[in-house]
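Colleague: I would like to learn how to read a model like this one. Can we take it feature by feature?

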Amino acid sequence: KTLDDIGDIRGKRVLVRVDLNVPMAEGKVTDATRIERVGPTIAELADKGAKVILLAHFGRPKGEPKAEFSLEPVAKATAGVLGRAVGFAGDCVDEKAAAAVAAMQDGDVLLLENTRFHKGEEKNDPDFVKALAANGDIYVNDAFSAAHRAHASTEGLAHVLPAYAGRTMQAELEALEKGLGNPAKPVVAIVGGAKVSTKIDLLSNLVRKVDALVIGGGMANTFLAARGTEVGKSLAEHDLAQTARQIMIAAAEAGCAVILPVDGVVAREFKAGAANETVAIDAVPQDAMILDAGEKSVETINQWIDRAATLVWNGPLGAFEIEPFDRATVAAARHAAERTSEGKLISVAGGGDTVAALNHAGAADDFTYVSTAGGAFLEWMEGKPLPGVEVLKR
Ligand code: 3PG
C-alpha cells in the first residue's frame with residue numbers, strides 16, 4: 001500500500017521512518033541527497049494535515065545515547081533543505097517524545113532522536129516497538145536504504161500499525177523492479193569496486209539473471225589472476241581464485257557473458273597524478289598495479305551498454321577517487337547517461353561509492369534511477385528479501 005491508499009489523515013499522528021543517515025563533517029551535512037529524497041513524502045503528509053513524526057537512525061551508537069550520534073543537527077539541516085520547520089525531541093520513546101508529539105499542530109513535522117539510542121531498536125524488541133507505536137496512529141516507511149535491517153522502526157512497527165510505503169520507498173521499488181525484477185532485455189550489469197570477497201553473493205546471483213556481466217575495479221584483477229593473467233602488484237584476492245572460477249563457470253552455464261578488462265592503466269604508486277601508462281592486460285609489468293580500465297576496455301563496455309535495454313550498475317571501474325584513474329568510470333557513466341537521455345536505455349545504479357562516482361562523472365541526473373541505498377541496494381541485487389519491504393507487502 002502506498003500513500004494513495006492512506007485515506008483522510010488530517011489530525012492523525014503519522015510515524016514516518018526515514019533514512020537521515022547522512023554524511024557529516026564538523027557538525028554539517030556534506031551530502032543532503034537522502035534528506036531531499038524524503039521531502040515529497042513529508043510534504044504530502046504535512047500538507048494533508050497529518051502530524052508528521054519522523055523516526056530515523058544515525059550511525060551505529062550500539063543501543064546507547066551518545067552525543068556524536070544525535071540527530072539534532074540533522075533536524076536543522078532537514079528544515080533548511082525542505083524549507084519547512086522541523087521540531088526535534090531529545091528521545092524517541094520517553095516522556096520527552098510524548099510531550100513533543102502532544103504539542104504538535106496538524107501539518108507540523110517533528111524529528112525524534114536516534115532510534116538506535118535504545119537496544120530494543122536493533123533487537124526489534126516488541127516492548128520497544130510498542131513504545132514507538134504509542135506516538136503514532138499510522139506508520140509510513142520511506143527508508144528503502146534501511147530496509148535490509150529488521151529493526152523495530154524499519155520492520156516491527158509495520159506489524160502493529162496500519163503500514164504504507166512512502167513515495168521514495170515506492171519510487172525505489174518501482175525502479176528496482178524495472179532493473180532486475182521484470183527488466184527489458186538484454187540486461188547488462190556492471191559490477192566494480194575493490195573486492196570480490198564483499199560481492200560473491202552478488203556476482204553469483206547476477207550471472208543467473210543478466211545477459212552480460214562487466215566486472216571492473218580491483219575485483220576484476222582477482223578474476224584475471226584466476227584465469228592465469230599476471231596482474232603484477234595489483235590489488236587481487238588470490239585466495240578467491242577458485243570462487244572466481246566457479247562464478248565464471250556458472251555464468252557460462254547460464255549463458256551470461258563475463259566481460260573483463262582487455263587493457264589497464266598501470267602505475268607504480270597509488271596516488272593522485274602518479275606516472276601511468278596503458279598496457280594490454282597480458283602485459284602488466286610485475287612491479288606495477290592496475291588502477292583503471294584502459295580505453296579499449298571502455299570501448300568494449302560501451303558497446304555492451306549500446307546493446308543493453310537495461311543497465312544495472314554497482315561499483316566503480318577503477319580508483320575513481322584519485323585522478324587520472326577515474327577515466328574509465330567517467331567515460332562509461334557518461335555513455336550510459338547519454339543512452340538513457342536518448343530513451344534507449346533504462347539505467348539503475350546504487351551503492352555508496354557508485355553514487356559518488358556517478359556524481360563525479362556528472363552522469364547521475366541522467367540515469368533512470370540512482371538509489372541512495374548502500375547495503376540495501378546490494379542485498380536487493382543479491383536477490384535477498386528485504387525485511388522492511390517484505391513486511392509492507394503483507
Ligand atoms: C545506510 O547508510 O546504508 C543505511 O542507513 C543503513 O545503515 P546501517 O548499515 O548502519 O544499518
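Colleague: Is Cys 92 buried or exposed?

Modeller: Cys 92 is buried, because its relative accessible area is 0% and the cut-off for buried is under 20%. Keep in mind that this is a predicted model.

Colleague: And Cys 256, buried or exposed?

Modeller: Cys 256 is buried, with a relative accessible area of 6%.

Colleague: How many disulfides does the count give?

Modeller: A disulfide needs a pair of cysteine sulfur atoms within 2.5 Å. By that rule the count is 0 disulfides.

Colleague: Now charge pairs. What can side chains of opposite charge do?

Modeller: They can pair when their charged atoms come close. Here the count comes to 18 salt bridges.

Colleague: Which residue forms a salt bridge with Glu 277?

Modeller: Arg 268 does, and the closest N and O atoms are 3.3 Å apart. Glu 277 has a relative accessible area of 38%, so it is partly exposed. Arg 268 is also partly exposed, at 44%.

Colleague: Where does Lys 344 find its salt-bridge partner?

Modeller: At Glu 342, with 3.2 Å from N to O. Lys 344 is partly exposed, at 45% relative accessible area. Glu 342 counts as partly exposed as well, at 44%.

Colleague: On to the ligand. Which residues are around it?

Modeller: List the shell before judging any contact. It holds Asp 19, Asn 21, Arg 34, His 57, Arg 60, Arg 116, Ser 145, His 148 and Arg 149.

Colleague: What do the individual distances to the ligand look like?

Modeller: Read them atom by atom. Asp 19 has a polar side-chain atom 2.8 Å from an oxygen atom of the ligand. For Asn 21, a polar side-chain atom lies 3.1 Å from a ligand oxygen. For Arg 34, the distance from a polar side-chain atom to an oxygen atom of the ligand is 3.0 Å.

Colleague: How much of the ligand's area does the protein bury?

Modeller: Begin with the ligand alone. It exposes 320 Å² by itself, and the protein buries 87% of that.

Note on methods
Residues numbered from 1 in each chain as written. Predicted model: local features only at pLDDT ≥ 70, side-chain atom pairs only at ≥ 80, totals over all residues. Heavy atoms only, no water. Near = heavy atom within 4 Å. Polar contact = N/O pair within 3.5 Å; in protein donor to acceptor, adjacent residues only side chain to side chain. Areas by Shrake-Rupley, 256 points an atom, 1.4 Å probe, with all protein chains shown as cover. Buried < 20%, exposed > 50% of the residue type's maximum accessible area, 1.4 Å probe, protein only. Salt bridge = Lys/Arg side-chain N within 4 Å of Asp/Glu carboxyl O.
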